[in-house]
Amino acid sequence: MVNTDTIRTVIGIIGNVISFGLFISPAPTFMQIIKAKSVLDFKPDPYVTTVLNCAMWTFYGLPFVSKNNVLVLTINSIGLVMEIIYTLIFFVYSTWAKRRRIILIVLCEIIFMFIVVFCVLYFVDTVNRRKTIVGVICIIFNVAMYLSPLTVIRRVIESKSVKYMPFLLSFANFANGIIWVIYALLKWDPFIVIPNGLGTIAAIAQLVLYAMYYRTTNWDEETPARVRDNAIEMQ
């Protein structure tokens with residue numbers, strides 16, 4: 001009979017695949033930026049903030065912070081590298097005003113990450129306490145990220161159009177949340193269950209709106225770059 005650890009590993013691998021798809025979803029945006037040699041009216045905020053989010057979850061997945069979370073470590077390490085690449089591309093094609101802002105944010109993130117890592121490893125001597133401290137921080141960051149699609153959801157309701165909220169991305173967010181909730185329930189981890197549970201609820205709300213406003217959507221309307229960028233980052 002298949003044991004719980006094996007099932008959890010399989011679920012985690014599926015979660016890695018779905019999460020990788022979400023991490024790579026902004027690629028068309030950056031192809032557009034490279035082609036135009038300009039960031040146009042896209043904002044760097046989602047990518048710069050996701051760098052810190054991935055860095056925190058990578059730290060959380062390390063064996064001396066939380067045990068049996070290798071798959072959390074792998075996907076967030078990959079995501080960290082990808083988000084750094086996105087941020088670098090954005091930096092190269094930005095004006096100096098935007099570059100200064102990116103540098104300031106990244107420096108603050110590096111300082112914050114250094115303080116967290118140093119304090120946790122130097123002052124906290126047990127894995128369970130480290131897991132709790134880092135896990136709470138990760139939840140805070142994830143909840144903040146899940147609030148970001150609210151602007152797009154509000155626009156959908158106001159315009160009665162789902163053109164600004166791609167179905168496949170909403171469904172992928174739903175599948176991603178469900179998979180990681182199951183992963184964490186198989187070996188109870190509230191720090192993975194809570195943020196992904198909230199993400200699943202947010203994705204369900206998006207899918208419900210899609211069903212409600214699909215028929216009233218004007219598909220010939222041109223999508224503003226700013227709105228399209230926000231939609232891509234609903235993860």
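Predicted model: local features only at pLDDT ≥ 70, side-chain atom pairs only at ≥ 80, totals over all residues.
Q: Which helix gives the most residues to the lining of the second largest pocket?
A: The second largest pocket holds about 210 Å³ of space. Among its 13 lining residues, those closest to its centre are Val51, Ile84, Val106, Glu109 and Ile110. Helix 3 (45–61), helix 4 (70–92) and helix 5 (96–123) each supply at least two residues of this lining. The one that gives the most, with 6 residues, is helix 5.

Q: What span does helix 9 reach from its first C-alpha to its last?
A: Helix 9 covers residues 190–213, which is 24 residues. At its start, a side-chain oxygen of aspartate 189 comes to within 3.1 Å of the backbone nitrogen of phenylalanine 191. At 1.5 Å a residue, 34 Å is expected for helix 9, and its span is close to that, at 34 Å.

Q: Is lysine 37 buried or exposed?
A: Lysine 37 sits in the loop between helix 2 (27–36) and helix 3. Its phi is positive, near 55°, though the residue is not glycine. Exposed means over 50% relative accessible area. Lysine 37 has 65% relative accessibility, so it counts as exposed.

Q: What is the relative accessibility class of asparagine 68?
A: Asparagine 68 lies in the loop between helix 3 and helix 4. It is not a glycine, yet its phi is positive, about 60°. Its relative accessibility is 47%, so asparagine 68 counts as partly exposed.

Conventions: Residues numbered from 1 in each chain as written. Heavy atoms only, no water. Helix = DSSP H or I, 4+ residues; strand = E, 2+ residues; numbered from the N terminus. Expected span 1.5 Å × (residues − 1). Polar contact = N/O pair within 3.5 Å; in protein donor to acceptor, adjacent residues only side chain to side chain. 1 Å grid on protein atoms, 1.4 Å probe; cavity = no way out; pocket = protein on both sides within 12 Å on 5 of 7 lines; lining within 4 Å. Points joined across faces, edges and corners; volume = space filled by probe spheres on them. Buried < 20%, exposed > 50% of the residue type's maximum accessible area, 1.4 Å probe, protein only.
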